[in-house]
Amino acid sequence: MARQDIVWSDEFLVGSTLIDTQHKKLIGLICDTPEKSAPGDASLLSAAINYTTFHFSDEEAFMEKIGYPELETQRKEHRRLMKILRSHVKDYGNGETNFFDFKQFMFRWIRAHIMESDQKIGVFLQSHPEMRCHDK
Ligand SMILES: [Fe+2]
């Protein structure tokens, strides 16, 4: 598969200050995860994975506050990714994956999730401007 540049693009903006700020940081962390490291040292993956966990929980709390109707679908997608990430960490420990594959996978997943699912949160916020007070 062709290599993708792991960079932020304004087309990822969903129109929520909270979500956009965190997405930008997350993509930065994925980009900063080194591609070469001591074999089996999964700790280098942890900054990106820990921030993903934090972001998903914050994003879910936000969706709950604004009464977002597709919260459950989002929760399921978030859980699915976390399960895959944990198995990547395990595979890395066993020497079955590498940082290049990990970063590419994570970036592609996050990008697709932002474009297909998170964008809808922005659309919802646009039609419910009274909920903007929670967007901080
Ligand atoms: Fe999400």
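Donors are N, O and S atoms within 2.8 Å of the metal. In this predicted model, the iron ion has as its protein donors Glu59 (OE), Gln74 (OE1), His78 (NE2), His113 (NE2) and Asp118 (OD), which lie 1.9 to 2.4 Å from the ion. Along the chain, these donors follow the spacing E-x14-Q-x3-H-x34-H-x4-D. Glu59 belongs to helix H2 (residues 46-65) and Gln74 to helix H3 (residues 71-93), so this pair ties together parts that are 15 residues apart in sequence. Both Glu59 and Gln74 are buried.

The packing of two helices is described by the angle between their axes and the distance between the axes. For H2 and H3, the angle is about 170 degrees and the axes are 11 Å apart. Because angles over 145 degrees count as roughly antiparallel, H2 and H3 are therefore roughly antiparallel to each other. On the H2 side, the contact includes Ile49, Phe56, Glu59 and Met63, while the H3 side includes Leu71, Gln74, His78 and Leu85. The residues of this contact comprise 8 nonpolar, 4 polar and 4 charged.

In soluble globular proteins, nonpolar side chains tend to be buried together. The largest nonpolar core in the model contains 32 residues, of which Ile30, Phe62, Ile66, Leu85, Met106, Ile110 and Ile121 touch the most other members. At least two residues of this core are supplied by each of helix H1 (17-32), H2, H3 and helix H4 (99-127). H4 provides the largest share, 10 residues. Ile110 touches Leu26, Ile30 and Leu81, when residues up to four places away in sequence are not counted.

How values were computed:
Residues numbered from 1 in each chain as written. Predicted model: local features only at pLDDT ≥ 70, side-chain atom pairs only at ≥ 80, totals over all residues. Heavy atoms only, no water. Donors = N, O, S within 2.8 Å, 3.2 Å for Na, K, Ca; no water. Helix = DSSP H or I, 4+ residues; strand = E, 2+ residues; numbered from the N terminus. Buried < 20%, exposed > 50% of the residue type's maximum accessible area, 1.4 Å probe, protein only. Axes fitted to C-alpha atoms, helices over the stretch in contact; angles between N-to-C directions. Parallel < 35°, antiparallel > 145°, perpendicular 65-115°, else oblique. Contact = heavy atoms within 4.5 Å. Nonpolar A, V, L, I, M, F, W, Y, C, P; charged D, E, K, R; others polar. Core = buried A, V, L, I, M, F, W, Y, C linked by side-chain atoms within 4.5 Å.
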